[in-house]
Amino acid sequence: MLHSGKQLHEMGLVSNTGPNFKKSNGNSNPGHPRSMSSGSPLIYSGCNNPSSSSTATTSTTSGGSSGGGPGGATCSTSVSSPNTTLYPTGNICPSGKILKSNMGTRTPTRHDTLGSGSANYGHGSIVRNTHFARELGLDSEDLKKAGNELYRKGNFVEALLLYDRAIAISPESAACRSNRAATLTMLGRLGEAVAECEEAVRLDPGYGRAHQRLASLYLRLGQVENARHHLFSHTQQANKTELQKLSLVEKHINQCADARKIGDWKSTLRECDAAMVAGADSSPQFAACKAEAFLKLHELENADSSLSRITKLEPYPTSCSRTKFFGMLSEAYVLYVQAQVDMAFGRFENAVAAAEKAGLIDFSNIEIAMLLNNVKLVIRTRSRGKDLFNSGRFSDACIAYGEGLKCDLSNSVLYCNRAVCWSKLELWDESVEDCNRALKIQPNYTKALLRRAVSNAKLERWAEAARDYEVLRRELPGDNEVAEALCRAQVALKRLQLEEFHNVNCTGEVVEVSSLHRFKAAISSLGVSVVFFKAASNQHCEGVSSYICSLSVQYPSINFLKVDVEDIPELAKSESIRTVPTFNVYKNGVKLDPNRFTSLHLACKSNNAGGHLMPKLDSVGSLGGEDKAQTDLRSQDDGVYPRGNVTC
């Protein structure tokens, strides 16, 4: 007799804790803690009991043993009038007897026993449900078929519970084991799925479906040899699709190993991705290999992210742990990479634990032994350097950190710690250099960035200091010290730029501006700046240039700049320069209205005296030259420059 999943749920054989089950709205019976269904009571062998009801007629057809299974007794009951004796709804009587009417409120003396879950069967469900299944006449085949129905509907948790019941009844059923493995795979519990498939194969070595499932699982885990073994170990013909996947994954593994051997980490990354796309999508070893490649490429965040996405195999299949990956046992290789990434991030205790565990798994591997030795040595030198620093022996601390770096040249933490020691010795260049090394390894290392900014400020490299402080300001928006340091660096940088332009102009020279950035910085300086826009191809500009030079000598307090619009067309466009020669006047970074003065000479004279610009005069004191000598830039850019500039 085959029962559906819903019927089994009503019988209490499927836990109502799954996501797709809802609690019944029936009246609860105080006589039984699990009586929640609203249907007629389940009675096992009480069909022939003459004391059932005087108003009910019962017909029984005997077909052997009782219990409701195939070949068992079947009972049909028709009720002609309301039953005067009310029985608790949904109550299951494992004894096969009907509760007496005065027992409705008695507390059951039998206590529910929860499964230990040690064999992954039951998961905390009530164990005696298995006995109910036997009393109902349900065998493992019925439970398996009901589980298959739930599996096809996507109810994997409920299907798993039914397979657990089936295996509890028939632990030697290879089919139930194989189906349970398929369900575990859908739930992402690959380690358990492998163990279940291996048990199915052990029980029935010729069971082709179990071999196929096991081969597919091994392929997803990157275990090529194990997958090949099970693809060809049964009488059925190997699946062509799986064979193609196997061949492709094996090809990428070999190419990945070759790239890793020569230190071609970018190719290593590509081959890892290709292998995972080909079929080894859940391989811990490929995820670890990607992390190792990212680490060597100084992309620490990506390395850590790759490790965090590794498929957890619990329990780790023994067959997988025996295979090797890049000369190491596969499980040990993952720990080997984990230890290196932990070291790079300064998680030294975690690094030691991972390296030691890898050494226990693969105690004969030389690479793992060397890594463990280096990790321990780095931790000792770091601890010694820290003690020396705290005691004020900064030179000795630098030496100690240097010893640690001999064992691990990619340790950003040691570089940053040594940079702090250099700064205590006021060796600012050395401090900056070590910070650069740390940031090359770990670009987002805030401590190294802050130390470099401080050291550059001490060296009065204000542009570099301001750039680092700007990054820190974005990373640490609530840090007032960083905000104040940024402000100081920016003020010092502006003051330095002003001094540079002032010193140049005092020599009677006109500064040649070579970029838009330089132009913005120049006109932003305090005071007045006169900018002469010219073009090398215009001969009239050459005559005006000598006049500008004479003005720069006559008025040394004014910044004189010259810009070749043919070299910096974007600057001419941004300043709306239509013709050359032309000049603009700026005061404290603000462009002045050209209509307020009549000539460049008067503008310079007015500003040199410290007064306001002179009003426009009736007669124009131009620099000489006619409109026909001016070069119209509109021919070069189709008239995008508006009028309004003062021309020479």
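Reader: On what basis are the residues numbered, and which pLDDT do local features need?
Author: Residues are numbered from 1 along each chain as its sequence is written, and side-chain values use heavy atoms, with hydrogens and water left out. This is a predicted model, in which totals for chains, interfaces and linings use all residues, side-chain atom pairs count only at pLDDT 80 or more, and local features need pLDDT of at least 70.

Reader: How many helices and strands are there in the protein chain?
Author: Helices (H or I, at least four residues) and strands (E, at least two) are DSSP runs, numbered from the N terminus. Under that definition, the protein chain holds 27 helices and 12 strands.

Reader: What percentage of the 648 residues in the protein chain is buried?
Author: Buried means under 20% relative accessible area, exposed means over 50%, and partly exposed lies in between (1.4 Å probe, protein chains only). Of the 648 residues in the protein chain, the buried share is 45%.

Reader: Which residues touch the most other members of the largest nonpolar core?
Author: A nonpolar core is a set of buried Ala, Val, Leu, Ile, Met, Phe, Trp, Tyr and Cys residues joined through side-chain atoms within 4.5 Å. In soluble globular proteins, nonpolar side chains tend to be buried together. The largest such core here has 101 residues, and those that touch the most other members are Tyr333, Val337 and Tyr469.

Reader: Which residues does Tyr469 touch, not counting residues up to four places away in sequence?
Author: Contact means heavy atoms within 4.5 Å. With residues up to four places away in sequence not counted, Tyr469 touches Leu450, Ala453, Val454, Val482, Ala485, Leu486 and Ala489.

Reader: Is helix 11 roughly parallel or roughly antiparallel to helix 14?
Author: Axes are lines fitted to C-alpha atoms, for helices over the stretch in contact, and angles run from 0 to 180 degrees between N-to-C directions. Angles under 35 degrees count as roughly parallel, over 145 as roughly antiparallel, 65 to 115 as roughly perpendicular and the rest as oblique. Helix 11 (residues 284-296) and helix 14 have axes 9 Å apart and pack at an angle of about 30 degrees. Helix 11 is therefore, relative to helix 14, roughly parallel.

Reader: How do the residues of the contact of helix 11 with helix 14 divide?
Author: Among the residues that meet are Ala288, Glu292 and Leu295 in helix 11, and Tyr333, Val337 and Val341 in helix 14. Ala, Val, Leu, Ile, Met, Phe, Trp, Tyr, Cys and Pro count as nonpolar, Asp, Glu, Lys and Arg as charged, and the others, Gly among them, as polar. On that basis, the contact of helix 11 with helix 14 divides into 11 nonpolar, 3 polar and 3 charged.

Reader: What is the orientation of helix 12 and helix 14 to each other?
Author: Helix 12 and helix 14 pack with their axes 10 Å apart, at an angle of about 140 degrees. Helix 12 (300-308) and helix 14 are therefore, to each other, oblique.

Reader: Which residues of helix 12 and helix 14 make the contact?
Author: The residues of this contact divide into 6 nonpolar, 1 polar and 1 charged. Helix 12 supplies Leu300, Ala303, Asp304 and Leu307, and helix 14 supplies Val337, Gln338, Val341 and Ala344.

Reader: Is His298 buried, partly exposed or exposed?
Author: His298 is found in the loop between helix 11 and helix 12. Its phi is positive, about 60 degrees, although His298 is not a glycine. Because its relative accessibility is 24%, His298 counts as partly exposed.

Reader: Which peptide bond is cis, with omega near -5 degrees?
Author: The loop between strand 8 (579-580) and strand 9 (582-587) contains Pro581. The cis bond runs from Val580 to Pro581.

Reader: What separates the C-alpha atoms of Gly543 and Pro581?
Author: Gly543 lies in helix 24 (residues 539-554), and at 44% relative accessibility it counts as partly exposed. Gly543 and Pro581 are 38 residues apart along the chain, and their C-alpha atoms are separated by 10.0 Å.
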